[in-house]
Amino acid sequence: LFVIAAAGIAVWYYYSAGPGDPASVRFERTGELRLQDRYFIPDDQVGPELARLIGLYKARDFPAAKRGFENFLSSEATDPEKSIALVYLGVMALQTERYELARHQFLRALKYDEKSVAALANMAIVERLTGQPDKAREYIEQALALAPRDSRLALLQGNLFADSQMLEEAEESYDRAVQSDPDDPLAYFNQALAQRRKGEPEEALLNFARARKLAGGGTLAARASAHMGQIYFEQGNYELAADALGRSVDIAPDNGRYLYNLGVVYLRMNRDREARAMFERSMQAGANDLNVYHALAQAFENMQQPSLAIQALKQALYRNPDSVDTLFRLGELYYAERDLINSAETYRNIINRTGGGEGTRDAYLKLAGVYVDMERYNDAIDILERAAGQNPNNPRIYYMLGLVYDRSGERGLAIRQWKTALEKKSADEPLERAEERRIRMALADIYRREGAFDLALREYDAIREMNDKVNPGGAAPELD
């Protein structure tokens with residue numbers, strides 16, 4: 001029994017379950033049910049110079065437009081036109097998520113024209129995005145008082161209601177937006193998101209479909225179709241899920257999440273070859289979302305493609321070399337493939353990056369397990385002693401030290417470490433029942449081999465007491 005435990009020291013620490021069924025690969029949610037805002041662009045009649053600058057903005061020549069709008073503020077233009085220029089400067093700040101700058105520009109715009117609906121509405125968006133719902137509602141109410149039939153304002157008001165979980169009021173606002181502008185895909189899209197929050201998938205499907213049709217193509221159509229695919233997937237309707245996600249992929253062929261999710265659907269349909277092709281395309285697409293690469297790694301591992309799983313995690317590290325979670329997963333994959341050199345190097349990398357704390361402790365323990373498998377017992381002991389120096393009250397460290405000492409023939413030191421592990425266990429640093437049982441069984445085994453049968457019986461009795469707490473009056477299968 002003890003020989004098996006010692007030989008499996010690293011395996012014990014690494015894994016609690018083996019690879020899963022390929023069909024259990026998880027679906028990556030299309031994204032949070034994040035409501036879309038439409039920035040307010042003034043549509044007033046303006047003079048030729050301001051019209052020229054607006055043309056630069058619409059042509060997406062943002063640097064030139066920005067310089068032009070800033071210079072325009074020093075001209076002899078009217079106050080309303082200066083307000084419009086400031087609104088454009090604020091919208092450009094919003095587009096780059098520079099919310100404080102956007103707020104500053106919109107407030108300046110309101111000083112030039114206090115009845116600027118665009119400035120009021122965009123201020124509501126800024127306050128919404130920065131977690132100030134009460135201020136956002138104040139601005140939207142002022143804007144609605146000036147333009148009560150503006151569909152864009154109804155849409156924004158719906159977003160504010162949805163943020164506050166006032167979903168019935170949100171739907172009413174979206175209905176008003178649709179009535180004012182029945183061809184606005186964003187109104188249908190946001191209404192569908194609110195219906196998803198309410199748990200109304202069928203109604204959401206209808207509105208996502210409307211949004212997709214009206215959007216024609218582009219990001220909004222792709223997102224609407226992806227949400228439809230997720231709903232169909234959750235309903236177990238994989239044919240329709242594949243069709244919807246396939247449309248998203250057609251619109252956005254380089255979106256790693258869409259490709260990955262289509263692969264998951266294909267797995268559910270037992271179309272493994274197509275699933276693998278989608279997973280490989282997803283990895284090549286170069287997504288910026290680490291969750292997608294982690295999900296790809298799990299998918300490839302479950303499909304018995306460990307080299308591709310390792311490649312996915314390397315792609316994740318290329319985009320975020322400081323991701324400790326990714327490094328841990330990579331170290332575990334190397335270990336599973338018995339690439340102990342790379343596994344050890346990965347854990348040393350984690351230790352160097354984390355510099356103490358829980359991540360460092362876990363890396364120490366895993367690295368020690370790798371060294372044991374490499375029969376580098378002195379290195380394993382050195383790493384565990386360093387771990388004990390940083391975490392002197394962690395009983396698992398002493399448990400592993402005991403295993404390594406016994407494996408290297410130092411039984412006296414092994415017993416000392418196991419006794420320390422039992423002494424260190426506490427409510428804050430507990431040992432799991434199975435871990436304590438391993439310790440006591442290992443101690444009993446050594447006592448028995450040394451002829452100290454009374455001490456061995458004491459450990460067996462302690463195990464029985466542990467079992468009685470879990471199953472009073474029942475048998476202890478570990479000893480019977």
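How many positive and how many negative side chains does the chain have, and how far apart do the centres of the two sets lie?

## Charges

The model is predicted. Its chain carries 73 negative side chains and 61 positive ones.

## Overall form

The chain is built with 26 helices and 0 strands. Its radius of gyration is 31 Å, whereas the globule rule gives 23 Å for 480 residues, so the chain is more spread out than a compact globule.

## Burial, surface and contacts

Among the 480 residues of the chain, 50% count as buried, a class that takes in residues under 20% relative accessible area. The accessible surface comes to about 23000 Å². Carbon and sulfur atoms hold 46% of that surface.

Of the contacts in the chain with a separation of 6 or more, 54% are between residues 24 or more positions apart.

## Helix α5

Helix α5 covers residues 79–95, which is 17 residues. From its first C-alpha to its last it reaches 24 Å, close to the 24 Å expected at 1.5 Å a residue. Because 14 of its 17 residues are buried, α5 is largely enclosed by the rest of the structure.

Just after α5 comes E97, which takes a positive phi of about 60°.

Terms used: Residues are numbered from 1 along each chain as its sequence is written. This is a predicted model: local features need pLDDT of at least 70, side-chain atom pairs count only at pLDDT 80 or more; totals for chains, interfaces and linings use all residues. Side-chain values use heavy atoms; hydrogens and water are left out. Helices (H or I, at least four residues) and strands (E, at least two) are DSSP runs, numbered from the N terminus. The expected span of a helix is 1.5 Å times one less than its number of residues. Buried means under 20% relative accessible area, exposed over 50%, partly exposed in between (1.4 Å probe, protein chains only). The radius of gyration is taken over C-alpha atoms; the globule rule is 2.2 Å times the number of residues to the power 0.38. Contact means heavy atoms within 4.5 Å. Accessible areas come from the Shrake-Rupley method with a 1.4 Å probe; for residues, only the protein chains shown count as cover. Lys and Arg count as positive and Asp and Glu as negative; His and the chain ends are not counted. The place of a charge is taken as NZ of Lys, CZ of Arg, CG of Asp or CD of Glu.
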